[in-house]
Each structure stands twice: as C-alpha cells, then as structure tokens.
Amino acid sequence: MQLLTPLHWQDYELIDSGNFEKLERFGDYILARPEPQAIWDKSLPDVDWKRKAHATFMRDRQATERGEWQLTKGMPEKWWISYRHAGLSLRLKCSLTAFKHVGIFPEQAANWDYLDVKLRALPVEKPTVLNLFAYTGAASVAAKQAGAEVTHVDSIKPVVTWARENMEASNADNIRWMVEDAFKFVQREVRRGKKYNCIILDPPAYGRGPAGEKWILEEQLNDLLKSCAELLDPVHHVFILNLYSLGFSALMAENLIMDRFGKPANPECGELYLADQKHRKLPLGIFYRFAGV
C-alpha cells in the first residue's frame, strides 16, 4: 500500500486542517470549507482563519450537503488557476458551488502526471481514453495533452460545459463529450465491442443519471468494473480507479481489481493525501492504478 500526493502544484496549497475543516489556497484566493476527515485540532487559531479566508463555506442547517459562501470584499465567485508540469499545461476554472466544491480536486494532480507519463509511453499513435464520472475534466484535458483521443462521460450537462471551458482555456480541442449515465454508456460500449487503451474511473458514493438513474457505489461498482474489464485493451492499457467513499478501503479496491483484471502489470494501490503546512497528511480517498508500460 502506498501514500500518494501531488508534488508540483504552484497554484494550490493546503494551509491548515482540523476541527472538520480545511484552509486552502487556490491561486490568489484562500477558502475555508468543511472536511469530515480532519478530526484533529487546527494548527492556526480561528482568528487567523478568519483573517486569511477570502471565502468561508457555511452549511445550511436544513440541508447537510448544501450551504452558502460568505465572501470578503473583492472575492469573485469564479476565477482561474493553472497546473503545469512536464507535458501538462492545464488552465482550470474554480467556482464556488452550493455543495462546497470548487470544481477541482487538487490531490488528483498526482494522477494527471501519471496519465501524462503512461499515455505518452504507450506504443499506440493515439491512445483512446474513456473518462467516466469525469466531472470538470482536468483528467480529460491532461489525457488530451498527452496525445490521446478522449471520451468524457458525465451525467450533468452544466458540469460538462464547465469541462469544455477548461479544455478551451488549456488550448486543447476535440474531446468527445457525452452527457449520459456512465453505467449505461459502458454497457452499450461493451455491446458494440469497443476497446479503450485507458479508462479513468472516478465514481461518487451516490449519484443520478440524466434520466434519474440511481448510482450507489457499493451496489454497482463491481458490475461496472466487470464491464470496464471487457472494454480495456488487454495489452496496451492504463487504468485508474479513485474512490472517495468513507466506507471503502484500499484493500477493497485491490480485491475488486484482482477479481476483474487478474494480476495487472505494475499495480499501485493506496491512499491519496494532501499535507498541510504542519505536515499533517489529510486523507482524500483511495486509488488503484496500473499500466502495461
């Protein structure tokens, strides 16, 4: 089991964490928002958090997943940050949503770098990539910049529009956009006999498709992985699985992958994390990835 964290951010840092919150810098702006896994004490006093934060997320007492942002003067609701390393030059839009998210999961930069290296190493002229539950598309853009043909699947049209903005701002083009239920899309691709060189799988704990289709991670992930195993090129391939649900462990991910893919080449499995300025490691999900190169 490994611990994995991004090493090349300039426009992001985790300043402090604790008391079920995190204080982060995205570009020029500092945000304070909830973080259920930060169960320790903050390092900085509350007065410093209040002084530093340009925006603070306040939960709605009537709806535990929703809330609103309290902004200081001059704080925009939308702005841009960059991620640059090796062959990647990403320009990504941040936006303050009612669900505390801003459109970017910074810990995933470790997987963007992995995509850049592994896709360029595949002995395929234009590797085909399927990004499922693809959200605002940072991984899609990273794969495109690595020379791949990318299919981006997400069930929420405004999120796909956001991903398109990220693509255009990053000087990329020709990503295939699919506003569709990921499970249905995969099943249809299996029936068509399609193959992909790379599959990126980043499912939420719960979700809804465009037609109200239910997604429940623990009930459907196993079947989804069965279909993904049929879609993945058996020789020239890259695979990334991310899981954020608190009920899942890296061992569960390993068992699922072993059942569906056998013993894949060059496996890596463990926890994703970000370290704050006091070097405390904030866990932010688990990953399993492998590549035939």
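Arginine 192 is exposed, with a relative accessibility of 51%, where exposed means over 50% relative accessible area, buried under 20% and partly exposed in between (1.4 Å probe, protein chains only). Its partner in a salt bridge is glutamate 189, with the closest N and O atoms 3.2 Å apart, and glutamate 189 is buried at 0%. This is a predicted model, in which local features need pLDDT of at least 70 and side-chain atom pairs count only at pLDDT 80 or more, whereas totals for chains, interfaces and linings use all residues. Residues are numbered from 1 along each chain as its sequence is written, and side-chain values use heavy atoms, with hydrogens and water left out.

A salt bridge here is a side-chain nitrogen of Lys or Arg within 4 Å of a carboxyl oxygen of Asp or Glu, and by this rule there are 16 of them. One of these joins aspartate 16 to arginine 280 at 2.9 Å, N to O. Aspartate 16 lies in strand S2 (residues 12–18) and arginine 280 in the loop between strand S16 (268–275) and strand S17 (281–291), so the pair ties together parts that are 264 residues apart in sequence; strands are DSSP runs (E, at least two residues) and helices likewise (H or I, at least four), numbered from the N terminus. Aspartate 16 is buried at 0%, while arginine 280 is partly exposed at 21%, and a network of salt bridges links Asp16, Asp276 and Arg280.

In the loop between helix H4 (157–169) and strand S11 (176–179) lies asparagine 171, a residue other than glycine whose phi is positive, near 60°.
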